[in-house]
Amino acid sequence: MTEAVKHETVLDTGAEKLGKTYAAALISAAQSAGVADEVVAQLGTLVDTYLAGSDALQAAFASPRISGDEKVRVIDKLFASEFHPVLVKFLKVMAGRDRLAYVASVRSAADELHDDMMGRVVASIRTAVALDDGLRGQIQSKLSETLQRDVRLRETIDPDLIGGMVIRIGDRVYDSSIRNRLDQMSKRVQSGFAQKLLEKFETFTQN
Amino acid sequence: MKFSSDEIASVLQAEIEQFDSKIDVREVGTVLEVGDGIARVYGLSGVMAGEMVEFPNGAIGLAFNLEENSVGVIILGDYLSIQEGDEVKALGTLLSVPCGDAVVGRVLDPLGNPLDGKGPVQAETTRPVEIIAAGVAERQPVTEPMQTGIKAVDAMTPIGRGQRELIIGDRKTGKTAVAIDAIINQKGKDVKCFYVAVGQKDSSVAGIINALEKNGAMDYTTVIVAGASAPAPLQYVAPYAGTAMAEHFMFGGGHALIVYDDLSKQATAYRQMSLLMRRPPGREAYPGDVFYCHSRLLERSAKLSDELGGGSLTSLPIIETLEGEVSAYIPTNVISITDGQIYLQPDLFFAGQRPAMNAGISVSRVGGAAQVKAMKKVAGGLRLDLAAFRALEAFAQLGTDLDPETQKQLDRGYRMVELLKQPQYQPMSVAEQVISLYAGTRGFLDDVDVKKVPEFEKELLQFVKDKHPETLKLLEDKLDLSDEVSESIESAINSFKSGWRG
């Protein structure tokens, strides 16, 4: 299985900004109720399971032709029993302001904000083969120790790497994969050989 | 010829053994959109303005716009195989190019990659493409001459080492020819030359390289090409890259000459990039900082102080005007930046006066101090006389009767105009120029038929070379018109005229 390395989102600065603002409000509301962890997790479920699983629901949330009241009724019916009241209220506020289309960006902003508050960072790890628990624990503890932060791992498998691993934290990449080393070696040998070729061309040829 | 595989294998083995692998730490981003030589990148949060980035296909980019959520990158290479979602790697250094003796005699692209098929450029040093020019304390006034070998230029708008002299004119008026002659004339003078072709047809660049080779000028010349088919970002950086290569020699205490052919195309490329980056357009849709784009480039030409080795970088920027419109935006900008301009006019060109320099509005603001004394004495009032002649000529066309004094002035003028004509690729030494102009300005040509002037000049110089080499020698040693030198020149001319059949 080769998983294409893809970025999550098309850059939409408006949505990103909006998501950040709503997420900040949601998290402080949840924090004062003491349920930040729960609310963020539930928001994740909402986006990953319900919205991703139902195109109809997604379309309904995004549609401007469905009135706010109607959306509030839908939210009450579907989520009131399952989700924490803070989240349900928050969704209703979003519905009232016609912002339900942006739930996904609120979710990613909330994840980020919450991680940041808890002193956590996300490290994406790409390896050629699946990690076992021992190795995973080792990586996690080593990274936590160096970064002085709680590290959450996000794993992907990419056989193209041949071996080794690539760790990405934020925009910084630590690459010790075999593929990268082979690339570098080939570049180095190529340029080194070209230089030698110019310096002592005669020794390379037999007459 | 056979290759010895053992030898090759042992070199490769040595290279591999020396290779030590470290963990590669890099800052990355992802491509959001790409097109027209520009990529918008998400991430790269720690990138510097002007930092190099690398795309997966090996193309180099330059962080150009740092915005709140994304980075605008100009792609210096193939952008057609870059895709949305590609990983972009910051290289942590500013854009630099190879420099030193390895680039001399080569034809390179603006990143220093060879285009001449002569193998890789094995430069030991590189220089950043964009640096801030030398400051006030690091410079000294321009005093040394930079001979172009063109009579009209050396006599009327002399250029000094470290000067910036603009060559401006419409298309097909011989702008490039002036610059190429100046390069050819640097042969044996220990001046490294750089010809930066921006947005030119590849066929004309090939023609220029050919001409330089034929005249033996490629031994000390580097050609940097970003042709008309090169992406706009490459055309934009080409002049800076060429300057960086030339500066290496200037800071090493040597002398360099750089020709930017031409800056109007560079401004157009910069305009394209800026508009694609959504920078606000100004006059003629150029961005607000197009003046700075040229001023920071031309400021880098300098004559360094003696403490810094006294090296110099002379530049000859070229600007193409449309229908003689020198008051357009880019021409006025560059005119105000440079230390003078050589204005080439189409009507003069088609009237057969080549180089087609308009003496009236061509000036050199600092070169006078750099002119050799002999030339200064012989050509002192030439520019103004010629300008006056042009005015008089227009008046005389009305067919009025002229007094003998005016007629004499006109006759002298016609002969001087003939004398200042010069064929392409035939630069003249200072001594030859002085003798020619001496004959003209001191009235030795007054009794020669106007049509025969070029012939007279040619044969006179040949005669002096053959029969009076001591005159040339004396002039080259003194470079001044002392009585002794004048007498020697006059006697040479007189003895030639006695045998002249015209």
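Residues are numbered from 1 along each chain as its sequence is written, and chains are lettered from A and ligands numbered from 1 in the order in which they are written. Because the model is predicted, local features need pLDDT of at least 70 and side-chain atom pairs count only at pLDDT 80 or more, whereas totals for chains, interfaces and linings use all residues.

The C-alpha trace of chain B spans about 85 × 60 × 45 Å along its principal axes. Its secondary structure comes to 16 helices and 17 strands, where helices (H or I, at least four residues) and strands (E, at least two) are DSSP runs numbered from the N terminus. Of the 502 residues in chain B, 49% are buried; a residue is buried if 20 or more other C-beta atoms, placed from the backbone, lie within 10 Å of its own, exposed if 12 or fewer, and partly exposed in between. Two residues are in contact if their C-beta atoms, placed from the backbone, lie within 7 Å, and among contacts in chain B between residues at least 6 apart in sequence, 72% join residues at least 24 apart.

A nonpolar core is a set of buried Ala, Val, Leu, Ile, Met, Phe, Trp, Tyr and Cys residues joined through C-beta atoms within 7 Å. The largest such core holds 150 residues, of which V73(B), I183(B) and V196(B) touch the most other members. Helix α5 (residues 232-251) of chain B gives this core its largest share, 12 residues. Leaving aside residues up to four places away in sequence, I183(B) touches C193(B), Y195(B), L212(B), A217(B), T221(B), L257(B) and V259(B). A second, separate core of 25 residues includes I75(A), F83(A), V86(A) and M94(A).

Two helix pairs of chain B were examined through their axes, which are lines fitted to C-alpha atoms over the stretch in contact, with angles running from 0 to 180 degrees between N-to-C directions. The axes of α7 (residues 290-298) and α8 (residues 329-337) of chain B come within 10 Å and cross at roughly 30°, which makes α7(B) roughly parallel to α8(B). By contrast, α15 (residues 469-478) and α16 (residues 483-498) of chain B pack at about 150° with their axes 10 Å apart, and are therefore roughly antiparallel; angles under 35 degrees count as roughly parallel, over 145 as roughly antiparallel, 65 to 115 as roughly perpendicular and the rest as oblique. The contact between α15(B) and α16(B) is made by T471(B), L474(B), L475(B) and K478(B) on one side and V485(B), S488(B), I489(B) and A492(B) on the other.

Between the chains, 29 residues of chain A are in contact with 33 residues of chain B. On the side of chain A that touches chain B, the largest share, 11 residues, comes from α8(A).

Finally, D98(A) is placed in the loop between α5 (85-96) and α6 (103-117) of chain A, and counts as partly exposed because it has 15 C-beta neighbours inside 10 Å. When residues up to four places away in sequence are not counted, D98(A) touches P64(A) and G68(A). The C-alpha atoms of D98(A) and K71(A), which are 27 residues apart along the chain, are separated by 9.3 Å.
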